[in-house]
Amino acid sequence: MTAATAPLAARGPARRRRPPTRFLQPVAAITLVVLLLGVPFWLVVVTAGKSQSEALNPNLSTPSHWHLWENFGTVFHEGHMTPAFFGSLLIMIPAVAGVLILGAMASWVLARRKSRTVAFVYALAISGLVLPPAVVTIVLLLRQLGLAGTALGMIGVYMGMYMSTVIFFVTGFVRTIPLELEEAARVDGASPARVFFRIILPLLGPTISTATILICLYIWNDVFYALFVIGGRIDTLPLNLYQVASAGLYLNNWHLIFAYIILMSLPLLVTFGLLQRRIISGVTSGAVK
Amino acid sequence: MKITRSAVAAVAVAGALALAGCSDPGASDAGNGPSTSDWPAQDAKLDGTTLTIWAAQNSNKTADSVIQGFEKLTGATVKVVTIPDPYEQGVQTKVATGDKPDLAFWQPTASELTALNAKTNLQTLDGAPWLGNYTGNLKDITGLLDGKRYAALVTTPAVIGVYYNKEVFAKNGITSTPKSWDDLVALAKQLKAKGVTPFYEMGADKWATQWWVQAQLADAAKDGLWDKVNKNQEKFTDPTIQGAIDTYKGLIDDGLFNTDIKTATFADQGDALLGGKAAMAMQVNSFFNELQASASTAELDKKIGFFPISPSGNVGTFIPDQSNALVAFKTGDSKREAAARQFLSYWLGDGYQDFVDAQSTVSLLTGVDTPSSVPQALKDVAASIDSSVGSMQALAVANPDLYLNLSDMIQGTKTPAQVAKTTQDQFAQLAKAQGVAGF
Amino acid sequence: MTTTQLTRAEAAPPRSAPRAGRSTRHRQDHPAWFLVPALVVLLVFFFVPTIYNFVYAFTNWSSFHSAISFVGVDNFKDLFTNGSLLKDLRITLVYAVLVAIFQNLFGLVLALVLERDTMINRFARVAFFVPVVMSALAVGYIFQALLKPQGGLNDILGFITRHDVNVAWLGSTTWTIVVVALIHAWKWMGLSMLIYLAGLKTISEDVLEASRLDGAGWWTTFREIRFPLLAPAITFNVATALLGSMNGFDIVQATTGGGPGGTTELLNIFIFRTFGQGLFAQATTMSLALFAMVAILAFPVIRILRTREAVL
């Protein structure tokens, strides 16, 4: 690193930041938010508040009468959002928990042991980041295992898809955990399982947060794989959108679509808002190692 | 435990071998279905039976009234599952994975029935009690593949024709509708001279661009054009079809279409015709349904008219779509298969009057009246079916993306010759995959 | 060098004292059976289906008949004579590169602007994360509505310039690919921002203090010190942006459907359409081609970025 030795012109005592910059930054921040985010979100909210005929051609004007709560009610009822919400949860939570634990376990071993075989297995394990999952053959396989259309099958599919992501993240991070900590525990007579669950796993908190957010995002919003594995049998939020999306051939119920989208995104948003600090500090120590 | 290289390899090979023994995908567990000459009575009790119907986003509410009546009458439970658009792709893929419903909305044309592998996957509906009740020649024009019936038509098939704004015509002194293609073009030029946009096309939404080509092929279709194409004796690049594409491009180049043709959408087209900004649009029934979403029957009867058009006369080209018909699957469960047939019998039997009233659509069966709430234009469309000819979708063995290529032409990325060539190549590829002789 | 150099632990060997029989100890302390559950899941739910999928590329699998037979490399031959494949590969590559550039640029700028932990900044960070959380389909719908000729963006521009603005943002056969890449970047920039924020926080205060004392201005500090130290974050962001957009599909499908005139037709859109026509074997052949392209491009890029990290 050349930082400390970089040649810099001597300029005398460092200047203090000028006051105008102090105000400029928050203004810049707010402007960015309004421009980049305000306009699209305004469109969503405004369209969600319109009646069907007004919403046929979505635009930025406010509705003549606000139907927002009414539309929420319609999508909630017709889109069967309650079972869909629980369906999504039922699948997402075990999938995320499973892939994190199994992935972390594998990462630990892959990070600590060094041999050509291990390197090969590691390369294999993260190749899932690059390979596209093949939906039809996965379902055919599930059918033969008797898992087609079941929540367990869907959980397995998601775990398979995102295992590589977890291993990619966690392996790098495990190497930053000093071996001494493990040694100390082992000297005290702990079995490998104990060492892993009591010592390593807690320390993996930060990187696990990063992986959790990413995987939760993908699974919560996934339509494609859910459609073919469990479509028609288990309700999930993204799938049920299509119950209310259409007003006729080639016509969309934009007001209902956007109302549904607002409701569907709320759980993740609320979670992120509440856990924001934790998540950022998690990412801080997590992905960038 | 040591990780040896050979151990890893062994596991991998074992895994692969174990699954190599897997049978063919989507292998039909329904090879020998029950005899479909058995049509249960419409009101036979079905307590405890659950039927699943797959529907597209735009047809998932179509069956509601029928389901209500059927459930009350028989005690069965009927569930509608919405498959997101693009519907056909979703259904084909799910069927490929071995997932089958009891019934599904499906385009009743030969090419689409082939795409669903009807012979293996679908029940035949020959001998159904309601077949004799179809009006006109509806029974014979669609739903059939290789002489066997697989699809049940429930609403009047869409017809390609011209929707026009009556007030624009009247204001410009036009008192009669065109009687041939040349009449149509002459009329358009007349309107253009008076400063009116003659035709409106939705270049951005793409799917309607093909109607212009198909309408021009009506005469040839009657003469067996598609039979020849199906045997590879005639190609899209040959004069008949290429000529139609060239004519379409010529009309656009002559300025007879809206200036924003490249970016116009389906919604724009509806607005334009209803508002009188354009005089005519070549479209199918779904266009009219869009108009119905924002105008009353009375207004539509006053403003919008319909006439079919073909090179030498007023012959429409019919193109049944997914929401017009249902198919029944061979699921291997003979009880459910019979229940599915019973559901169709009810729909096209005791439940039909309620259905037609609830959907405000033209009746297909003799003895059931079309409700008065149906606009005149739709009635005209239904009336034109008897004399209409089949479209590419209805008569060709495969369904290439003609509309996509035409829309590329409108955007300027393909020439008419390229449109024909690309479409022919796609057609040949699909026909070859089906094992059609001659490809 | 600071203690944060634990981050480059891959370069640093484990610090346990070399002992005879260490490899045996590893076998006991880091048992292989810990690997097994994950590998089984990967094998069963991922590798086997994917490999099977690629095998079908050598058959005539389609929706038209139940029997499947091998056809050798016919599908590949047909594929390369089909002009669409190369055109779509090129478009996918252009899209991926554009997204990688835009997403990182925006993410970095956002991270720099919102670096300090003020209330406003915290709120802004959450706000920018909202698009990340929304489904790609939703993003597609929104921008479709905003970018049409009579849509929101033209309304705003018309309002500002007091002229009628009628630009068809999604209708240009040359530039729409840039527009969709921007939309993709819009959706994911919150995540890039997060990673860069994290990266900025790992830069030790000592180093920054030192440079401040030397009288370096903000830009110099950034260029000479912070940017180089962000190397791991850059690797992560560029790699995920590239990989993510090469397998891209949702946003483009929802906004342009591959148009206008096929100029935004990503390979995945073409594959999806082919699959939908019932030509399953041909579609998997194309997936194989896409995978090959991703592999050929991804690994060198990652290797270059990792080397840069190590050097810096």
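This is a predicted model: local features need pLDDT of at least 70, side-chain atom pairs count only at pLDDT 80 or more; totals for chains, interfaces and linings use all residues.
Residues are numbered from 1 along each chain as its sequence is written, chains are lettered from A in the order in which they are written, and side-chain values use heavy atoms, with hydrogens and water left out.

Chain A contains 14 helices and two strands, where helices (H or I, at least four residues) and strands (E, at least two) are DSSP runs numbered from the N terminus. Of its 289 residues, 55% are buried, that is, under 20% relative accessible area with a 1.4 Å probe and protein chains only. When contacts (heavy atoms within 4.5 Å) between residues at least 6 apart in the sequence of chain A are considered, 72% of them join residues at least 24 apart.

In chain B, strand β1 (residues 50–56) is mostly covered, with six of its seven residues buried. Strands count as paired if DSSP finds at least two bridges between them, and β1(B) is joined in parallel to strand β2 (residues 77–83) of chain B by seven bridges; within this pairing, Ala55(B) stands opposite Thr82(B). Between β1(B) and β2(B) the chain passes through helix α2 (residues 64–74) of chain B in a right-handed β-α-β crossover, which means that, with the strands pointing away from the viewer, the path from the first strand over the helix to the second runs clockwise.

β1(B) also pairs in the parallel sense with strand β3 (residues 103–105) of chain B over two bridges, and here Trp54(B) stands opposite Ala104(B).

Methods: Buried means under 20% relative accessible area, exposed over 50%, partly exposed in between (1.4 Å probe, protein chains only).
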